[in-house]
Amino acid sequence: MTSQPVAAYPARDQYAKPFLVALLSGCGVALALGLYAKLHHPTKYALDVAGFSSPLYAKAWLTTAAVVLAVVQLITGARITRQAAAPAWMAGLHRWSGRIAILLTVPVIIHCIYALGFGTYSARVIAHSVLGCIFYGAFVTKMLCLVRRDAMPRWALPVMGGVVFVSLVALWATSALWLFATKGVHS
Amino acid sequence: MTRLGPLITLGSVLVLAVVFLLANTQAGKPVSTVASATATPATTAPATTSAPLHALYAGRSSGDQVTVAIAINGHKVAADLNAGQASEVSLQGSVNGSKFTLTSSNGPRLTGSISGQDMFGTVTGFLGQSFPFSAAQAVVQAVYTGRSSGNQVTLAVATDGDKAAAYICNGKTIEAWLQGSVNGNQVSLTGSKGANLTGSLSGLDMFGTVTASAGLSFPFSAELSPRPAGVYQARIAVNGLATRIGWAVLPDGTQLGVAVAGTTKYPAPLLDLNNDSFTLDGASFTAAPVAGKDTVVSP
């Protein structure tokens, strides 16, 4: 009877270190992004993406596409986590929709931090700047969790996936949704 | 067990980020000290590149050496650089896509590009210096004045950002007040009894059709005009009769106006453009310049 707690401690110790490494790496990435965005002299100039009326709309649509894929992520991720017998294609769909989604956000974040920087002039902009750092930090943490998936606590992937999803949707709401609501929905 | 898939994903994100960062570094010149984040639109941006842009931008250089005011009208662009102490320079130039280049007779050049509600660029050769600048779109007050093609009516249109107010008259019996909006390069105003004006901005000009009352339509042209050109209005009581007088004043001082008291219309008295005053029946009154956002047609 006394062996139970004894058995539980090693189990926790096994996953504590890899998870902490992943978590701290993510925190480091978030901090680095925030510091770079704040300290880098914003150029207010960046590459235009063809086919859009302005860089803002290009960014808004890229983010919107990423959010749509993030919903796919949420659905497939929930199935994979809950059901051991989830079809194999679902894991593939989860991986590829996630890869495409994160790659779609790359031009957006580069424009954000290179051309605009960490803004503090309104509540929306502060929230957006902080969320951007959290999003990439959480994404890095989740990827590192996957690297040593068997060494992670069971809740690590769903929780980090949830943080990535929620922060992306909030990023979208504080930028693309705001742009569409104030300037209209067009390309 | 260590899995490489997530690391490959992370690595490709990093590579793509570096590629974009380098591409941006190559494409852009460092500009502006204005701290700003995410989307930062101003007020009335025509967000389409297909329609010509008509907008005023105001800003300053990154080292705060000069203030910059840039007016874009279709393919024409004019700018004013002001460093205080009478060092002011006017520049003229053209817009090509989102890029523009301006020159002045005595040296300074200005190049830049429009990015939505912002513009970024470089001033060279101003007081022996060169520096980057940024500017943001500003609400612009402007006056366009002109005549119908057969000179049947004179008109003055005041714009204020996306709002517009106008007065048309022939100085005797035809007159109409119009209220409306500017959307990109399209101007659309309406008044009572079927009066309306539709026009489009092209360069520094406005072309279109104006209808004074049902069946009385004329094509017209008008141009961006400095003061004293404008729309002027006075609401006074003459012999106990509520009277509304409107004037359309052209930049050379030519003015046409009509006074309306009930159903009676007569030529407006001469407006003294030095102090906007006029005399009617021996009494002195003052008229007011009408801005684009003023209400001139009762809803």
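How many residues does helix α3 of chain A have, and how far does it reach from its first C-alpha to its last? The points below start there. The model is predicted.

1. **Helix α3, chain A.** The helix covers residues 88-116. It has 29 residues and reaches 42 Å from its first C-alpha to its last. That is close to the 42 Å expected at 1.5 Å a residue.

2. **Bend and end of α3(A).** The helix α3(A) bends by about 30° at A:Val106. A proline, A:Pro107, follows within four residues. Just after α3(A) comes A:Gly117, with a positive phi of about 85°.

3. **A:Lys142.** This lysine lies in helix α4 of chain A, residues 123-147. Is A:Lys142 buried or exposed? A:Lys142 is buried, because 24 other C-beta atoms lie within 10 Å, and the cut-off for buried is 20 or more.

4. **Contacts of A:Lys142.** Neighbours within four places in sequence are left aside here. A:Lys142 is then in contact with A:Leu157, A:Met160, A:Gly161 and A:Val164. A:Pro158 is 16 residues from A:Lys142 in sequence. The C-alpha to C-alpha distance between A:Lys142 and A:Pro158 is 9.1 Å.

5. **Barrel, chain B.** Eight strands of chain B close into a barrel. The order is β9-β10-β11-β12-β13-β14-β15-β16, and the pairing is antiparallel. On average, neighbouring strands of this sheet are turned by 25° against each other, direction ignored.

6. Strand β13 of chain B (residues 186-190) pairs with strand β14 of chain B (residues 196-202). The sense is antiparallel, over five bridges. B:Leu189 stands opposite B:Leu197 in β14(B). Strands of a sheet pair through backbone hydrogen bonds.

How values were computed. Residues are numbered from 1 along each chain as its sequence is written. Chains are lettered from A and ligands numbered from 1 in the order in which they are written. This is a predicted model: local features need pLDDT of at least 70, side-chain atom pairs count only at pLDDT 80 or more; totals for chains, interfaces and linings use all residues. Helices (H or I, at least four residues) and strands (E, at least two) are DSSP runs, numbered from the N terminus. A residue is buried if 20 or more other C-beta atoms lie within 10 Å of its own, exposed if 12 or fewer, and partly exposed in between; C-beta atoms are placed from the backbone. Two residues are in contact if their C-beta atoms, placed from the backbone, lie within 7 Å. Two strands pair if DSSP finds at least two bridges between them. Axes are lines fitted to C-alpha atoms, for helices over the stretch in contact, and angles run from 0 to 180 degrees between N-to-C directions. The expected span of a helix is 1.5 Å times one less than its number of residues. The bend at a residue is the angle between axes fitted to the seven residues ending there and the seven starting there.
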